[in-house]
Amino acid sequence: MATRIPEDKINELKASVDIVDVVSDYVQIKKQGRNYFGLCPFHGENTPSFSVSPEKQIFHCFGCNAGGNVFTFLMDIEGVSFQAAAEKIASRGNIHLEIEAPDGKSFESQLPTEHLQIIEAHELLAKFYNHLLVNTNEGAQALEYLFKRGFTKESIQKFQVGYSLPEWDFSMKFLEKRGFSHDLMEKAGLLGVREKDGTYFDRFRNRLMFPLKDSKGKIIAFSARALTKDDQPKYLNTPETVLFNKSSLLYNFYEARSQIRKQGFALLFEGFADVISADSAGVKNGVAVMGTALTENHVKQLKRLADSVMLCFDSDAAGEGAAYRAGMLLVSHGISVSAAILPEGLDPDDYIRNYGSEKFRADVIGNPLTWTAFQLLHYRRGKNLRNEGEKLEYIEKAMITISELENAVERDLYIRQLSEEFSLSLDALLEQQQQVNITRKNNQPPLLKHQDIQPTAPKPARSPLPAHTIAERQLIARMLRDEELAYRIMEMLGDTSFHFDEHQAILTYLFGYYEEGNSPDPSLFLNYLPDKKLRTIVTEIEMLAIDNEYSEQELRDYVNYVLKHPKMLMIKEKQAEQKVAERKNDFARAIEIAKEIIELKRSL
C-alpha cells in the first residue's frame, strides 16, 4: 500500500466532515456572522481571535496566525502526521482508509521516540491490568469489591479499570519481555528504585488501577487505589513525568469534551470514582481533578469548551471548601458557576448507589444552586446563627457578596431572602448595601491626576500591509478559486514576479497543483503546501472578505500595482543616488539622474 493518499480519497475525506464539527470537539466556538469564533487552542488568550469558516472549510487565528483546513487543524492540535489526521477523519466519516508506512507500521504521532515508548508501555499495562481484573482468579476479589461499590462490567471496560498483582516485579518482567528498559520504565513512573542497592521494583502492587489519559486520549499515567487499610497511601498516582502533570490533567476530559460542548457546561467532580458513577447514571459530561486543587491550566482547558461549569463535590466541610475555592477561580476567569448539592455525608458515588441514577439526574444535577446561593450556604457552615455576633458576621459577609452582583433583580432577590429569614427591614438592608458600596469605592486606589499618569506602552499593532502586497494577495485569492483566471493573470504579469517571496512561492505551488489536474479548492490546496508559513498566508488570504464578482478594471488595477512596484523601488534608489550626487556637488550627475527619474515616473 502506498504511503501517499490519492487526491480523490483526500477529497472524499474532506467532504465527509464539517470543520466546524471537528474544531468544536476541541474548542468552544460561537457563530458571529458567517464565521465561528472562539479562544485559540494554540496560544493563550482571553479575547476570541480564532475563526472558523464553514463556507471555506478553513480556520485562522488572528492572534498567532495559526491556520489551515481540517487536516492541518488535527495535525497541529493532536501533534500527528497528515496520514494520522486522515485516519481520524476517515473514522469520523465512516470511510474505509488503510495506510501503512514503508516499514509496515501504522503512522504514529510525531512525538519523540521515548515519549511514544512511555505511552506504549502504559497502553500495554492498562490492557494487562484490565485482563487480570476481569478474567483471572487473582483479580476476583478486586472485581467483587468494585461490584459492591456500584461499578458495572460496562463501566469497568469503558474506563479500562484494572488490577495490579501483589508481586514486586511482575509488571517489570512483563514489560522487560516486550523490550522496555528499566531506565525508561522508571522515567515513565512505573518502577521505583531501592536506595540501598539500586534495584528496581513495581511502583503499583495489589491495587485497583485507573488509567489516566491526556487531552489526546493517550494513556500516560495511572491512579492506583489501595484495597486494604494497611496499604498506604489510599490513592497512589504516577509521579510527575515528561508526559504527566496532575496539575494540568483532568480525568475523563478526552471522553467528555464532546458532551461538554453539546450540553454547554462541564460537570466538575472531586474524584474519578464520581465521574465513573455519574457516567453510568447517564451523566456523560463529567471530569475530575487528580487529587489536587483546580488550577489555572484546568480552567483554561474547560473554558475552551464551555462558558459554564457545575460543581458537584462531596457534601462535607472539606468538599464544600474545595468547591468554593474552585468556584472562585472559575468565576475570576469569566466562567458561569453553579453547584449541585448533595445531602450531608454523601459524595456523588454514594448518592447514586443509595438513591439511583434517575434521582441523581433530576434532584442533584437538575436542581443546582446559583453561585451566589452556594456562597451564602458556604458562609453559614460552622456558624451558630442564633448567636447575635455570628449572625451579624454572616449577614455582613452575605451583603458584601450580594452587593457585588451586577444584576439588579438578583440583588433584590437575595436581599429579600435575607430580610425574610432574619426579620430585617428592607430599608435597613438597602442602607447596608449603600455602605458596602461606599466602603468598596473608598478602598479602591485613588485616581491619578492627569499629569501623574504614566501611560503603559500599547501592544504593537500589526502594521498595515503595503498597497502592492495587498494587490498580490487579492490576485492570489482569485487565482485560488479560478484556474483559467490564474493563467490569465500570469500572462498579464509577464516576466514580473511577485515582490513578496512567499507569495511567489505560493504561485509556484499553485500552478504545480493545477498541472496535476486538481480543481480549484483553497482548502485542499493547503494539503499541497509543504511549508507551514505558506499555509498560514493562504489561510489569511482566504479569510479576506473578497467579493466573488469583480470588474475587469479592478483586476487590471491590482496587476498594475504589482507591475509598478519594481519601478517604484528603482525611483527610490535613483532619488537616493541623486541626493548623494548633490552632496558631492556633482550637479551634472544629479541632473542626469533627475532625467532618469522623470522617465521612470512617466512609464508608471
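A nonpolar core is a set of buried Ala, Val, Leu, Ile, Met, Phe, Trp, Tyr and Cys residues joined through side-chain atoms within 4.5 Å. Buried means under 20% relative accessible area, exposed means over 50%, and partly exposed lies in between (1.4 Å probe, protein chains only).

The model is predicted: local features need pLDDT of at least 70 and side-chain atom pairs count only at pLDDT 80 or more, while totals for chains, interfaces and linings use all residues. Residues are numbered from 1 along each chain as its sequence is written, and side-chain values use heavy atoms, with hydrogens and water left out.

**Nonpolar cores**

The largest nonpolar core has 66 residues, and Phe50, Leu475 and Phe525 have the most contacts inside it. Contact means heavy atoms within 4.5 Å. Leaving aside neighbours within four places in sequence, Leu475 is in contact with Ile489, Phe498, Leu555, Tyr558, Val559 and Val562. Another core, of 61 residues, lies apart from it; Met209, Ala224, Phe269 and Ala281 are among its members.

**Aromatic pairs**

Rings of Phe, Tyr and Trp (its six-membered ring) pair if their centres lie within 6.5 Å; planes under 30 degrees apart count as stacked, over 60 as edge-to-face and the rest as tilted. A search of the whole structure finds 30 aromatic pairs. Two of them are listed here.

| Pair | Type | Centre to centre | Angle between planes |
|---|---|---|---|
| Tyr129 and Phe222 | edge-to-face | 5.4 Å | 75° |
| Trp371 and Phe374 | stacked | 5.4 Å | 20° |

Helices (H or I, at least four residues) and strands (E, at least two) are DSSP runs, numbered from the N terminus. Tyr129 in helix α5 (residues 113-135) and Phe222 in strand β10 (residues 219-226) are 93 residues apart, and their pair links distant parts of the chain. Both Tyr129 and Phe222 are buried. Trp371 and Phe374 are separated by about one helical turn, because they are three residues apart in helix α16 (residues 371-380). Trp371 is buried, at 9% relative accessible area, and Phe374 is buried at 4%.

**Around Tyr129**

Ring pairs join Tyr129 with Phe128, Phe170, Phe174, Phe204 and Phe222 in a cluster. Ser171, in helix α8 (residues 170-176), has a side chain that makes a polar contact with the side chain of Tyr129 (3.0 Å). A polar contact is a pair of N or O atoms within 3.5 Å; within protein, one must be able to donate a hydrogen and the other to accept it, and residues adjacent in sequence count only if both atoms are side-chain atoms. Ser171 counts as buried because its relative accessibility is 8%.
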